[in-house]
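Let's take a friendly walk through this model, from its surface to one of its helices. Please have a look at the fold before reading on.

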Amino acid sequence: MVFSSNVFLFLFLPLFLLVYYLLPFKARSAWILAGSYALYSWWRIDFLWLLVAVTAAAYIYGLVLDKQPDGSVRRWTLTSAIVLMLGALAYFKYANFGIESFNAITQTFGFHPFAWTPILLPIGLSFFVFHAISYIVDVYRHEEPPTHNPLDFAAFIALFPHLIAGPVLKYNLLADQFRNRTHTIEKFSYGATRFMTGFAKKVLLADTIAPLVTATFHQSSPTFVDSWLGAIAYTLQLYFDFSGYSDMAIGLAAMMGFKFPENFNHPYISRSITEFWRRWHMSLSGWLQQYLYISLGGNRKGVARTKFNKWLTMVLGGLWHGANWTFVLWGVWHGTLLAIEAELKQQKRPTAPAWLTIPGTMLLVIVGWVMFRADHVQGALRMYKGMLGLNGFGLSDTLAWQVKPSVLWTMLLAALVVYIAPWWGTRMGDVGSRLLRPGPVVAATVLLLPLFVLAIMKLSAQSYTPFLYFQF
């Protein structure tokens, strides 16, 4: 069950919130856990055991680490915990990739492929494993005390707004909120408004652009216009799909009294790749910095090692997104760009003006997104050939029927939103605090309601379109 579905909108969410607000505060964590497990089981109930097992292991490891003095035994305990968590992630997410890569190599030498039954990836595994690891490492580092409330901890791991596609959260961000949080009309209204905003972004913008993206990336010989149109369309689709999900997650959390951190901050106005990663999927960027980059040594072991650590962090971050060489190469692309920017910063080169750096950064991001979206490396190379004009320049006949005026207008609208929203936010001040005031809440809701209704009508008419980040 996904947020952008009629079952969620008209059955699960109203029933969940009704019971949630009827229950006393002390019983709400249990209801959150039950509702989250029910939503997760809607997809496949047989993988619920994995979610429960990861939760239980993280909770127990936290208690064990707290009782151990600093030393080798404690370090080995941490190591075993991380190996266990990453082992589960590796088996379910990368076993198929490993066997397929192994078979590809052996077959080139004339050997028979290794027989293998493909493994199904449990939805949301990458996210709840990262939640568990961050908790265990924080306890090990003495950055937070272990929780002695297994119910609240299980509810945090399974909390359905962030269970399936993030944001990636640390337990200490929500621990106090599980113990004590407020529920007000203003907060609920803000949550509903934020949810409707994300829903409209996903259904009206991302889903409208999606068919053009699919058709372009399936082209055998895309032209210059085909390739660039498809690459720009995917750049917009991915942003509005994933930021739409994040808006919906933040809104759902607010309706339950929780405050989630922001996950996007207008990334397409970045003036460098370094700035882009401070604005895009900020919860994941923060996680990679705190638990991977710092663990590799951060900037504590010299300039050359710092650049390598940045590069390796992005490569591993790319691999986290999926078991495919396209994600590895996408990570290499961004890691290399970050290392180059670090070198230029060290040389204290003069900063170029925004009119040059913003389009330049977007060009680098778009080129990277092609590899990120492609089904395989060969598909990305076909797109790159088209972007260089090696397959001709005009719009191909095979793609022309997908380029409908409604899609082009939607892309234009999406682009306007991308570049007008930051200016509007600056003029309006802090959007969150303003929307928590009764007047703006009512005004925003009135403006959003027609779009929300239109999005529901479109959702009912279209086929199933899950969020793009569900695959990770």
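The protein chain of this predicted model exposes about 21,900 Å² (Shrake-Rupley method, 1.4 Å probe), and carbon and sulfur atoms supply 70% of that area. Of its 472 residues, 52% count as buried, meaning under 20% relative accessible area with a 1.4 Å probe, protein chains only.

The overall dimensions of the protein chain are gathered here.

| Item | Value |
|---|---|
| C-alpha trace along the principal axes | about 65 × 60 × 55 Å |
| Radius of gyration | 23 Å |
| Distance between mean positions of the 35 positive and 21 negative charges | 5 Å |

For the charges, Lys and Arg count as positive and Asp and Glu as negative, placed at NZ, CZ, CG and CD respectively.

The chain has 20 helices and zero strands (DSSP runs: H or I of at least four residues, E of at least two). Helix α5, residues 125-140, has 16 residues and should span 22 Å at 1.5 Å a residue; its end C-alpha atoms are 23 Å apart, which agrees. The expected span takes 1.5 Å times one less than the number of residues. In α5, 15 of the 16 residues are buried, so this helix is largely enclosed by the rest of the structure. After α5 comes His142, with a positive phi near 60°.

Residues are numbered from 1 along each chain as its sequence is written, and side-chain values use heavy atoms, without hydrogens and water. Local features need pLDDT of at least 70 and side-chain atom pairs pLDDT 80 or more, while totals for chains, interfaces and linings use all residues.

Methods: Rg over C-alpha atoms; globule rule 2.2 N^0.38 Å. Buried < 20%, exposed > 50% of the residue type's maximum accessible area, 1.4 Å probe, protein only.
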